[in-house]
Structures are given as C-alpha cells and as structure tokens.
Amino acid sequence: MGRPRVPLLAAFLSLGLLLVAGIVAQHHSGPAGAAQTPAYLALGDSIAYGVGASDPAQQGYVGLVYGRLRESDRYRESGLDLVNLSVPGAVSADLLLPGGQLEAALDEIEARDGGVEIITIDIGGNDLLTLARRDSPCLSETDTEDCRREVRDVLGG
C-alpha cells in the first residue's frame, strides 16, 4: 500500500503518447491504395533502442516486434519498413527538443504521406532512474512526503 505509483504513471504516460502518435499517424494518412511500403516507427530510450540485447537491432523488443509484424498476414506481401529513432539515454524531455525524435518522427510521417502504420514510444525509464540514486529519499522509504515530492518533480507535476 505504501509503494509509489511511478510504474503505473509511466505506463499511462507511455500509453497516452502512443495514442497521440496513432492519432497523428491517422491524421496524416495518405490516399487509399498508395504503393509505398508501410512503416513501423519506434521512438524512445535505450530499451527501445535494444540496449542489453545480444543483437539490439534484432533481439531488442523493437526488432522482435518488427520481425513478428513482417511475418504477419498484414505485412507478409506488402513488406514493412522499420524506422527506429530511439536513442540510448534519452529522457522524456528529449522527445520534444528541436531536431529530436518527435520532430524526426513527424518528418518521417509526412515524407511517407501517412504510410507509417505502427508507432511505439518507450520513454521515461531514464527519468525515473534519478529516484534510485544514493541520496534519493525514495531509495529507503517510498511512503514519505520527501519521496512523493521527488516523484512529482521527476514526473514534472
């Protein structure tokens, strides 16, 4: 009961960003029957990049999802491109920087005339790592006002 709700909040933030990205992709959809290969666009941090996997491009979760999608009935014939814009070490604010991942993603969507059909966003883990530093009030006790204040600061609210 005294555990922080940070993982739950991060999950909702990720889901919200994914829904927004899906709306953007639908808004930029091109004419039906366009002959361009559809794309899967990934944004995020080291997890989306594949850090920690023996072969990040193939064995990270983005690579694994991409492989399964390419084998699916939907993409077996048409093919599917992968555009992974993820950056190891990225924090949530990095997505919004000029020239950052979000801008690059919107450029990709526009260049493909809406041919980006799948978007995943995995961000926030590096933001939360600050809660695990040695002097963090959350490291030893999570149900304190100091910890709650730090979680609010990290989450920007």
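Start with strands β1 (residues 39–44) and β3, which run parallel and are joined by six bridges. Strands here are DSSP E runs of at least two residues, helices are H or I runs of at least four, and both are numbered from the N terminus. Two strands pair if DSSP finds at least two bridges between them. Select Gly44: opposite this residue, in β3, stands Asp122.

Before going on, note that this is a predicted model: local features need pLDDT of at least 70, side-chain atom pairs count only at pLDDT 80 or more, and totals for chains, interfaces and linings use all residues. Residues are numbered from 1 along each chain as its sequence is written, and side-chain values use heavy atoms, with hydrogens and water left out.

**Stop 1**

Colour β3 by accessibility. Six of its seven residues are buried, so β3 is largely enclosed by the rest of the structure. Buried means under 20% relative accessible area, exposed over 50%, and partly exposed in between (1.4 Å probe, protein chains only).

Now select Arg74 and Glu117. Their side chains form a salt bridge, N to O, at 2.6 Å. Arg74 belongs to helix α5 (residues 73–76) and Glu117 to strand β3 (residues 116–122), so the pair ties together parts 43 residues apart in sequence. A salt bridge is a side-chain nitrogen of Lys or Arg within 4 Å of a carboxyl oxygen of Asp or Glu. Arg74 is partly exposed at 47%. Glu117 is partly exposed as well, at 39%. The structure holds 10 salt bridges.

**Stop 1: helix α6**

Show α6 (residues 101–111) and pick out its buried residues: Gln101, Ala105 and Ile109. They span an arc of only 75 degrees around the axis, which puts them on the same side of α6. That arc is taken from the directions from the helix axis to the C-beta atoms. Turn to the face away from the buried side: it carries the exposed residues Glu110 and Ala111. Then step to Asp113, which follows α6 and has a positive phi, near 50 degrees.

**Stop 2: Asp127**

Select Asp127, in helix α7 (residues 125–128).

Look instead at Ser92. Its side chain makes a polar contact with that of Asp127, at 2.9 Å. A polar contact is a pair of N or O atoms within 3.5 Å; within protein, one must be able to donate a hydrogen and the other to accept it, and residues adjacent in sequence count only if both atoms are side-chain atoms. Leaving aside residues up to four places away in sequence, Asp127 touches Val91, Ser92 and Val154, with contact meaning heavy atoms within 4.5 Å.

**Stop 3: helix α8**

Move to Arg133, which has a salt bridge to Glu150, with the closest N and O atoms 2.4 Å apart. Arg133 sits in the loop between α7 and α8 (145–155) and Glu150 in helix α8, so the pair ties together parts 17 residues apart in sequence. Arg133 is partly exposed at 35%, whereas Glu150 is buried at 12%.

Finish with Asp146 and Arg149. They form a salt bridge, the closest N and O atoms being 2.4 Å apart. The two are three residues apart in α8, about one helical turn. Finally, select Asp143, Glu145, Arg148 and Arg152: salt bridges that share partners join them into one network.
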